[in-house]
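Let's take a walk through this one together. Have the coordinates open and follow along.

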Amino acid sequence: MEQLLEDFSLGLFFWQSLLFIALVLLLWKFAWKPILGAVNDREEGIKNALAAAEDAKKEMQNVTADSEKLLKEARAEREAMLKEAREIKDKLIADSKEQAKLEGDKMIKQAQAAIESEKKAAVADIKSQVANLSVDIAEKIIKEQLSDKSKQLKLVDDLLGDIKLN
């Protein structure tokens, strides 16, 4: 520091001060204003970007709320559709069961009618066969009994004894 004071020159100090002031004036005129303008523009751009970000945030909140609302509506609609589908399924199952029961009852009645008809036909056929066999047996017995005259007279007497007059 002592050496600086010893080497101090007033002329050099004057010229350095004059150059420094000229440099500050030149910077102030040509650089300071554009720098301040750029800083101000940058500050305005940041403010605009922050405002745009805030608007975007609000818009995102609105979109989120809308999508939540749409999601709730979609879930409610899905639940309604599932409930309707379950009701339709249950109704179809109940209708199918009822129709199957009716068809089963109808088939049982038809089967019972067919069985009764077959039974009557079988009984009639058995009666017919029994009658034919009875006639054949009676014919053979009568032929054998009627071949002898005394047997014929005895048969007529027996038959007349069995017959009661009204």
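What follows goes from the overall fold to the side chains.

First, a caveat: this is a predicted model. The protein has three helices and zero strands, so the pattern along the sequence reads α-α-α by the DSSP runs used here. Helix α2 covers residues 10-146, and helix α3 takes in residues 149-162.

Now for the overall dimensions. The C-alpha trace spans about 195 × 35 × 25 Å along its principal axes.

How much of the protein is buried? Buried residues make up 0% of the 166 residues. The accessible surface comes to about 15700 Å², and 64% of that belongs to carbon and sulfur atoms. One place to look at on that surface is the nonpolar patch formed by Phe20, Ile21, Val24 and Leu25, which together have about 400 Å² of accessible area. Isoleucine 21, one of these residues, lies in helix α2.

Next, the charges. Side chains of opposite charge can pair when their charged atoms come close. Here the count comes to five salt bridges.

Start with glutamate 43 and lysine 47, whose closest N and O atoms are 3.8 Å apart in a salt bridge. Why are these two separated by about one helical turn? Because they are four residues apart in helix α2. Glutamate 43 counts as partly exposed because its relative accessibility is 39%, and lysine 47 is also partly exposed, at 47%.

Another salt bridge joins glutamate 79 to arginine 78, at 3.1 Å from N to O. Glutamate 79 has a relative accessible area of 40% and is partly exposed; arginine 78, with 46%, is partly exposed as well. Then there is the salt bridge between lysine 89 and aspartate 90, at 4.0 Å from N to O. Lysine 89 is partly exposed at 46%, and aspartate 90 is partly exposed at 45%.

Last stop: lysine 151, which sits in helix α3. Is lysine 151 buried, exposed or partly exposed? Its relative accessibility is 42%, so lysine 151 counts as partly exposed. For a sense of distance, lysine 151 and aspartate 136 are 15 residues apart along the chain, and their C-alpha atoms are separated by 19 Å.

Technical notes. Residues numbered from 1 in each chain as written. Predicted model: local features only at pLDDT ≥ 70, side-chain atom pairs only at ≥ 80, totals over all residues. Heavy atoms only, no water. Patch = residues over 30% accessible without salt bridge, like charges linked within 9 Å, V, L, I, M, F, W, Y side chains within 5 Å. Areas by Shrake-Rupley, 256 points an atom, 1.4 Å probe, with all protein chains shown as cover. Salt bridge = Lys/Arg side-chain N within 4 Å of Asp/Glu carboxyl O. Buried < 20%, exposed > 50% of the residue type's maximum accessible area, 1.4 Å probe, protein only.
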